Amino acid sequence: MSDKSESWNLSKTWHRKLTKDWEIDRLLTDLEARTQNRYRQNTKKDLLLGLLCGHSLKKIGKDLHKNNAVVRAGLSNIYRDIETLTGEDENTVRASNLVYILQKHGYRKGVEPSSKHSLTIINNLPSPTYTEFIGREADMRILLERLLPNHGAHMITVHGIGGVGKTALVLAAAYLCLKASRENLNVAPKFDAIIFTSAKQQELIPPNGILQRQQGQRNLREIFREIGNAVGDPTIIQSPPNDQSDRVRQILSRQRTLLIVDNMETIEDRNGVIEFLYNLPICVKVVITTRERIALLPISLQNLTLDDGLQLIQQQAGEKGITLDDPESKDLYQRTGGIPLAIVYAIGQVSSGYSLKSVLEKLALATGDVARFCFKQSVQGISGQPAHKLLMSLAIFPNSPTQGAVAEVAGLTTSPDSKNDGLALLQQLSLVNQNPETKRYEMLSLTREYALAELAANPDFEREARRRWVRWYLDFANIYAGEDWEKSKHYERLEVEEVNLRAVLYWCRDQDHYEEVRDLGLLLNHYANLYAYWDDRLDWWQWLVEQSERRGEWSFMVKFIIRKTWLLIRECSEKSLQEAEEMLQRAWVLHDHADLCDQADLAENMARLKIRQKNYPEARVWLDSEQKLVTQANLTEQKHIRYYIPVLYHRAVILQKENKYSEAKILFHEVMQSAKKINWYRVINSAQNWLADIAIEQGDRDGAQQLLIKGIIVADSSKNKRRLARYQRSLAKWQKKWGSPEQAEKLAREAMDAFEHLGMTQDVEQMQLLLNS
């Protein structure tokens with residue numbers, strides 16, 4: 001048979017099939033009369049009939065032996081003709097809404113035009129479980145946009161971790177579409193049928209916990225049955241199994257349909273279901289919810305933002321008749337990780353008589369209802385695989401790690417394929433997410449608690465993973481940490497990893513891993529003191545002093561005393577200075593155990609202490625000792641400069657305090673010149689501050705102003721809070737003397753607040769005196 005004869009016979013078959021439900025002859029007559037174009041003896045008629053039968057463009061072209069370009073051109077003309085016939089707006093008719101528009105204008109048998117009669121919308125949506133849908137404005141906007149008939153999306157997936165609100169979002173959108181369709185409103189896309197199917201096997205309902213669902217559509221046949229029930233057509237299930245999918249396509253092609261397939265991850269024949277959904281007529285929009293990522297125009301749901309989470313908490317508390325104050329609400333948000341299901345469940349438990357404290361404690365348990373509902377199924381599926389090792393390793397990091405770090409801890413650095421596949425699988429299961437900006441891997445707090453429980457259940461793996469974790473951060477600190485004159489350009493890397501570095505220190509201390517705490521603490525000392533301002537530094541150094549003394553490590557004990565007394569002298573209270581003096585005298589007894597550089601640092605701290613005590617003659621004696629030790633150390637040129645600068649610096653400070661400004665200025669300039677040779681910018685900035693103070697004392701208004709403006713910008717950009725506070729103090733003095741009293745007071749208060757935060761007692765008292773004056 002020729003292609004032409006075959007196409008003619010096919011056209012007759014399609015015509016016969018459609019005359020049962022459609023006014024085909026009237027439609028063709030009206031089109032010819034309104035547009036003056038031939039339809040009955042034209043390819044246009046065949047294309048139109050194929051579309052009304054619900055066939056895809058590909059199938060129509062194949063059956064009619066037309067290439068895609070011819071099919072698309074012909075359809076474009078048909079759409080414009082139908083717009084002319086019906087009066088619809090230009091460029092609004094498409095394949096996805098053709099059935100709806102023709103039905104609306106009365107070309108379907110048994111259906112009056114919408115201007116005369118409102119359509120009954122087929123739907124089987126479950127009743128809402130909430131009175132108001134909260135949050136997700138951006139996600140809702142994207143979903144509704146993709147449901148529009150002129151949007152090219154045919155299948156849409158909404159994925160995310162269990163309990164994050166996938167089903168709630170999709171149903172909220174479906175309710176909006178149902179309202180718009182029933183009342184002919186423009187608030188959402190309109191459909192003739194909205195059908196909901198779900199393969200969900202469990203529900204988490206407070207206070208009962210996890211309940212098994214008795215019904216659900218877990219395979220293609222059950223989905224067909226639910227569609228048949230919704231549209232009131234039993235012939236779907238009565239048809240032979242091989243014909244059922246065709247029958248469903250035929251029925252759904254009769255109207256614009258929104259088909260929701262909930263919980264795709266628990267469907268038995270996922271590939272078969274996805275293939276069926278993919279081949280549905282273009283007038284059917286399909287929305288899939290799943291915990292696993294499917295590359296079908298996905299919408300990824302994350303935890304609720306703090307504001308939305310707090311709003312949901314207050315809404316649920318109000319409905320349940322309980323009261324939660326702001327701190328309790330924020331605590332609940334943090335402990336649930338902003339997961340809506342966990343929030344609703346927790347408040348349901350409280351309303352049933354449980355205390356909030358006990359409910360929050362149970363939320364973190366891996367054996368609790370929330371954790372089991374959200375994670376158990378997904379984690380069981382990867383047990384023993386590289387993805388499982390990566391999940392447990394990720395949980396060790398309190399802050400999101402890099403891919404290299406987590407691969408090292410998981411022991412997968414030599415298996416790049418296993419690492420990449422494992423991380424991809426964790427993201428597919430929505431257990432972790434990769435931040436698109438930082439490229440780091442993140443997990444929700446509830447997920448982390450469950451993963452930590454998995455880690456504890458695998459003690460052999462945990463022991464090795466923790467060992468690799470500590471080693472990774474020691475290697476990291478060896479590269480990027482150290483004295484600021486050498487490593488300050490790398491401190492931003494340390495800042496990103498600060499939470500993880502502190503976690504390593506705490507864990508090693510709790511496990512009594514002294515050597516690791518010792519080595520990591522010494523590496524991080526300058527960063528922690530000058531930039532991060534860790535508030536527990538004194539405790540760390542005291543612990544290390546005690547541990548080194550217990551082990552007889554005298555050289556390290558001297559190092560730790562130097563670092564602790566540096567902080568005590570800076571605090572400068574009577575009590576801290578007394579403690580510093582006792583510790584320094586004790587360390588000097590042991591100074592022969594230390595190398596010459598450490599001895600020089602010890603002498604420097606002695607001089608700093610005496611300067612704070614205003615005992616300048618004795619301070620000079622210690623500075624002379626420091627200078628001799630630096631000379632004896634026979635250091636490289638750069639190291640020599642680095643250890644000689646403090647001698648010059650503190651001598652200049654003494655001269656400034658003795659009001660010998662001319663001599664002090666000479667030495668501070670010498671300090672700056674030496675510091676420039678090794679790029680020690682912090683010292684340059686500090687010396688410049690002293691020179692500004694001298695200029696203020698000498699009445700050099702413009703000179704002081706220039707030094708202060710330049711210096712405060714550098715102090716602020718380097719994140720040196722102590723140096724910034726000192727510049728604010730100097731600027732307050734300048735403003736008091738030559739500028740605005742209001743500005744002087746503002747700067748003085750900012751400086752005082754900063755000194756108080758840094759624990760610098762004497763500086764706080766000085767600022768209070770300035771404010772009082």
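Me: Contact here means heavy atoms within 4.5 Å. Not counting residues up to four places away in sequence, which residues does I611 touch?

Reply: This is a predicted model, in which local features need pLDDT of at least 70 and side-chain atom pairs count only at pLDDT 80 or more, while totals for chains, interfaces and linings use all residues. Residues are numbered from 1 along each chain as its sequence is written, and side-chain values use heavy atoms, with hydrogens and water left out. I611 lies in helix α30, where helices (H or I, at least four residues) and strands (E, at least two) are DSSP runs numbered from the N terminus. With residues up to four places away in sequence set aside, the residues that I611 touches are Y616, A619, H650, V653, I654 and K657.

Me: Does I611 count as buried or exposed?

Reply: The limits are under 20% relative accessible area for buried, over 50% for exposed, and partly exposed in between, with a 1.4 Å probe and protein chains only. The relative accessibility of I611 is 7%, and I611 therefore counts as buried.

Me: How are α30 and α31 oriented to each other, roughly parallel or roughly antiparallel?

Reply: Two packed helices are described by the angle between their axes and the distance between the axes. Axes are lines fitted to C-alpha atoms, for helices over the stretch in contact, and angles run from 0 to 180 degrees between N-to-C directions; under 35 degrees is roughly parallel, over 145 roughly antiparallel, 65 to 115 roughly perpendicular, and the rest oblique. Helix α30 (residues 596-612) and helix α31 (residues 616-632) have axes that come within 8 Å and cross at roughly 165 degrees. The two helices, α30 and α31, are therefore roughly antiparallel.

Me: How many nonpolar residues are in the contact of α30 with α31?

Reply: The contact includes L596, A603 and I611 of α30, and Y616, W622 and V630 of α31. Ala, Val, Leu, Ile, Met, Phe, Trp, Tyr, Cys and Pro count as nonpolar, Asp, Glu, Lys and Arg as charged, and the others, Gly among them, as polar. Of the residues in the contact of α30 with α31, four are charged, two are polar, and the number of nonpolar ones is 12.

Me: Is the crossing of α32 and α33 left-handed or right-handed?

Reply: Helix α32 (residues 637-657) and helix α33 (residues 661-677) pack at an angle of about 160 degrees, with their axes 9 Å apart. A crossing is left-handed if the near helix is turned anticlockwise from the far one by less than a right angle, and right-handed if clockwise. For α32 and α33, the crossing is left-handed.

Me: To what number of disulfides does the count come?

Reply: A disulfide is a pair of cysteine sulfur atoms within 2.5 Å. The closest cysteine sulfur to that of C177 belongs to C283 and is 15 Å away, too far for a bond. C177 counts as buried at 0% relative accessibility, and C572 is buried with a relative accessible area of 6%. By this rule, the count of disulfides comes to zero.

Me: Leaving aside its neighbours within four places in sequence, with which residues is R502 in contact?

Reply: R502 is found in helix α25 (residues 498-510). Its relative accessible area is 18%, and R502 is therefore buried. Apart from neighbours within four places in sequence, the residues in contact with R502 are W534, D535 and D536.
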